[in-house]
Amino acid sequence: MAEKKKKKIVSADTGSEVKAGSRKTTKKAAKPVGNAGGLRAGAVGLWVVALGLEILAILILNGTVNWTFMPSLYQLIAALVLDLVFVIIGSQLWKKANRIKPASEKNKLLFWLWNNMGVIVCAVCFIPFVILALTNKETDKKTKTIAVVVAIIAMLIGGVASYDFNPVSEEMQQAAIDAIEDDVYWSPFGKVYHTHDDCQALNQSDTLTYGTVEQAIAANRTRLCSFCAKRDDITDVVTDEVDTGDAYETVEE
């Protein structure tokens, strides 16, 4: 029988290694997982800058703004690329906030809109420019064509980066908190959290982080490992495999 791999286990609270056997349940004493309000405010601020960069790109396209040290085409590309950067960073902050303080799933439409606000902002930050560029008759064809292509590509990249493929609901988070009393574990590159540090799915992991369910979800480990769920007979928490029972519908990762 192969020797069991010794793992380094790190606290989500302190970031320091914890000796085996000295870990305590952190459910009630854990540090806050983050400031959702602050993250959302940061996201909105970045999105406002992104919108300003779109307006700048429109002014450059119309010839209202024209810096002589750089060709107008390069100015347009620079404004659009910076627009994309601010959209994506803002969207990542918004998604992080939604992991800390999820929205309720009672209204499906509002839940989708809230979780994908970055996609909406991305569309607002590029579609008006594309429309105005296509209808602009003053700009030369080459500049207009390249600018439109760059804007469309940037919008597609920003949309994919901003879309939340794995949203968390308030109900999903609460179900996990209610069902799991002790610490959970996650690997540096995994997508799920585990209730056991010796789970078979963690055989290849040298380092694990442990903390509360809230901390795991905030770290984007939003689903419980199916092996751990079966081992603990947990049936009402979202796992990493399809569940046809009455629990929340789960998806395969």
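## Basis of the description

The model is predicted, so that local features need pLDDT of at least 70 and side-chain atom pairs count only at pLDDT 80 or more, while totals for chains, interfaces and linings use all residues. Residues are numbered from 1 along each chain as its sequence is written, and side-chain values use heavy atoms, with hydrogens and water left out.

## Overall make-up

The secondary structure comprises nine helices and five strands, where helices (H or I, at least four residues) and strands (E, at least two) are DSSP runs numbered from the N terminus. Read from the N terminus, the order of the elements is β-α-α-α-α-α-α-α-β-β-β-α-β-α. Of the 253 residues, 42% count as buried, a term that stands for under 20% relative accessible area, with exposed meaning over 50% and partly exposed in between (1.4 Å probe, protein chains only).

## Packing around helix α1

Two packed helices are described by the angle between their axes and the distance between the axes. Here the axes are lines fitted to C-alpha atoms over the stretch in contact, and angles run from 0 to 180 degrees between N-to-C directions. The axes of α1 (residues 36–62) and α2 (residues 72–100) come within 8 Å and cross at roughly 165 degrees; α1 and α2 are therefore roughly antiparallel, the word used for angles over 145 degrees, whereas those under 35 count as roughly parallel, 65 to 115 as roughly perpendicular and the rest as oblique. Their crossing is left-handed, meaning that the near helix is turned anticlockwise from the far one by less than a right angle, with clockwise giving a right-handed crossing.

With α4 (residues 117–124), the axis of α1 comes within 10 Å and crosses at roughly 20 degrees, and α1 and α4 are therefore roughly parallel. This crossing of α1 and α4 is right-handed.

## Leu 80 in helix α2

Leu 80 lies in helix α2 and is buried, with a relative accessible area of 1%. The C-alpha atoms of Leu 80 and Phe 126 are separated by 8.2 Å, although these residues are 46 residues apart along the chain.

## The two faces of helix α6

The buried residues of α6 include Thr 143, Ala 147, Ala 151 and Gly 158. The face of α6 turned away from its buried side carries the exposed residues Lys 141, Lys 142, Leu 156 and Val 160.
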